[in-house]
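Work through the exercises below with the structure in view. Try each task before reading its solution.

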Amino acid sequence: MAKTAQDILNWISNDKIQVVDLKFIDMPGIWQHLTLYQDQIDADSFTSGVAFDGSSIRGWKAINESDMAMVPDPNTAWIDPFMEEPTLSMICSIQEPRTGQPYDRCPRSIAQKALDYLSSSGIGDTAFFGPEAEFFVFENVQFDQTENSSYYYVDTTEGRWNSGREEEGGNLGYKPRYKEGYFPVSPTDTLQDIRTEMLLTMAKCGVPIEKHHHEVATGGQCELGIKFAPIIQAADFLMTYKYCVKNVAKAHGKSATFMPKPLFNDNGSGMHTHQSIWKDGNPLFWGDGYANLSQMALHYIGGLLKHAPALLALTNPTTNSYKRLVPGFEAPVNLAYSQGNRSASIRIPLSGPNPKAKRMEFRCPDATCNPYLAFAAMLCAGVDGIKNQIDPGSSLDVDIYDLSPEELAKIPSTPGSLLDALEALKEDHSFLTDAGVFTADFIENWIEYKLDNEVNPMRLRPHPYEVSLYYDC
């Protein structure tokens with residue numbers, strides 16, 4: 001049941017809650033927060049917002065136009081399980097205090113504009129998204145970067161590389177083999193109880209939960225399953241998912257990361273994203289086409305495939321994202337669709353005869369993305385495919401590893417780097433801006449931010465492996 005502002009004020013009063021925590025997402029995709037004494041929240045807070053200085057938020061306002069307002073969504077309220085003092089948490093969107101209009105660089109507001117675009121197109125009124133975010137749980141994390149050194153070190157008892165290590169009390173073995181971490185029971189799976197706690201904690205925060213399991217890689221790779229939801233709620237749930245995973249891990253003296261490729265030579269962590277469009281309560285992706293897809297669904301897939309190189313600048317927005325998108329690790333590097341081929345970037349899950357379960361899964365994204373931006377961009381690409389009846393081509397139903405080099409060369413692949421993806425976005429973004437979902441200013445700012453803060457700093461620094469390759473030249 002939807003909550004109102006008065007519901008929240010009654011909750012604060014009845015439960016004698018003293019502090020309220022307002023969370024919002026910055027442009028790169030990290031939660032920020034402000035904690036207020038309860039008397040600072042009133043009915044006007046849910047319309048006019050709570051004022052704050054936005055000049056220090058990454059990618060946002062200049063110092064001379066820094067005043068902004070965060071507007072809490074009462075439907076996102078939950079008691080934060082990680083605070084000693086009972087703390088009511090709410091997720092906010094950002095608006096301009098002078099005009100009362102949504103801030104055009106606010107990711108949550110951009111997701112709302114994507115939903116409005118879908119509705120105004122007449123195609124549908126609801127876009128469901130179901131992200132599957134994978135992560136690693138480590139016991140030790142160290143890294144540094146100086147003028148004369150560069151290193152990182154991650155470790156966990158569960159790592160296969162520790163099979164020969166002497167440990168206090170003896171090494172007990174039972175380390176998942178590389179690429180063989182999928183579904184082992186205890187004692188090989190050491191994270192069962194922690195994952196259960198993560199899952200149940202998310203449920204207390206309002207996230208609709210399903211399951212959890214160990215993932216393919218050694219060294220503590222995991223996944224928790226949550227139910228699909230409308231586009232904005234799905235992004236809200238994903239941010240809560242990440243918050244709970246990281247903080248439960250911390251409570252156990254461990255560290256969780258959604259970094260796509262923290263380990264060399266084993267599977268990386270992705271965020272396969274299930275998608276479907278509905279109208280008037282009816283699913284629109286079920287039909288009599290390939291894999292029981294409707295023509296609309298195939299055109300949606302066509303839009304995703306056409307715009308995929310540009311999309312990845314938002315769905316895979318880090319330099320590390322492209323360490324995962326390489327052949328040989330179940331990575332979805334082939335820009336094609338299939339009902340069974342997991343190396344294809346789009347998979348059609350076998351969902352049975354229920355039309356409501358019919359969906360497609362875009363397998364490229366990872367959880368370094370800002371989910372509001374990533375979901376909005378994917379929806380825009382899919383709607384563009386529907387409006388322009390973009391043909392997705394033939395499905396890829398063969399074993400990709402059986403193809404000859406000549407056959408493989410005919411299949412388009414994902415960009416090889418963040419720089420390549422940003423260049424693609426620079427050339428192909430009208431599907432995002434023409435509908436008024438993203439502004440040209442946002443796209444320009446995004447590209448500039450990523451180049452200045454991630455791509456170019458990486459290009460300037462020697463890599464440790466370069467030393468081993470070239471020091472004796």
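**Exercise 1.** In which loop is the place of D42?

Solution. This is a predicted model: local features need pLDDT of at least 70, side-chain atom pairs count only at pLDDT 80 or more, and totals for chains, interfaces and linings use all residues. Residues are numbered from 1 along each chain as its sequence is written, and side-chain values use heavy atoms, with hydrogens and water left out.
- Step 1: D42 sits in the loop between β2 (31-37) and β3 (50-53). Strands (E, at least two residues) and helices (H or I, at least four) are DSSP runs, numbered from the N terminus.
- Step 2: D42 counts as partly exposed because its relative accessibility is 38%. Buried means under 20% relative accessible area, exposed over 50%, partly exposed in between (1.4 Å probe, protein chains only).
- Step 3: A polar atom of the D42 side chain lies 3.1 Å from the backbone nitrogen of D44.

**Exercise 2.** Describe helix α2 and what comes just after it.

Solution.
- Step 1: Helix α2 covers residues 107-121, which is 15 residues.
- Step 2: From first C-alpha to last, α2 reaches 21 Å, close to the 21 Å expected at 1.5 Å a residue. The expected span is 1.5 Å times one less than the number of residues.
- Step 3: Buried residues in α2 include I110, A114 and L118.
- Step 4: Just after α2, G122 takes a positive phi of about 80°.

**Exercise 3.** How many disulfides does the structure hold?

Solution.
- Step 1: A disulfide is a pair of cysteine sulfur atoms within 2.5 Å.
- Step 2: The structure holds 0 disulfides.
- Step 3: C205 is in no disulfide; its nearest cysteine sulfur, that of C244, is 3.9 Å away. C205 is buried, with a relative accessible area of 5%.
- Step 4: The sulfur of C222 is 15 Å from the closest cysteine sulfur, in C244, so it is too far for a bond. C222 is buried too, at 0% relative accessible area.

**Exercise 4.** Is T156 buried or exposed?

Solution.
- Step 1: T156 lies in the loop between β9 (150-155) and α3 (192-204).
- Step 2: T156 has a relative accessible area of 4%, so T156 is buried.
- Step 3: Leaving aside neighbours within four places in sequence, T156 is in contact (heavy atoms within 4.5 Å) with V137, F138, E139, W161, N162 and G219.

Terms used
A polar contact is a pair of N or O atoms within 3.5 Å; within protein, one must be able to donate a hydrogen and the other to accept it, and residues adjacent in sequence count only if both atoms are side-chain atoms.
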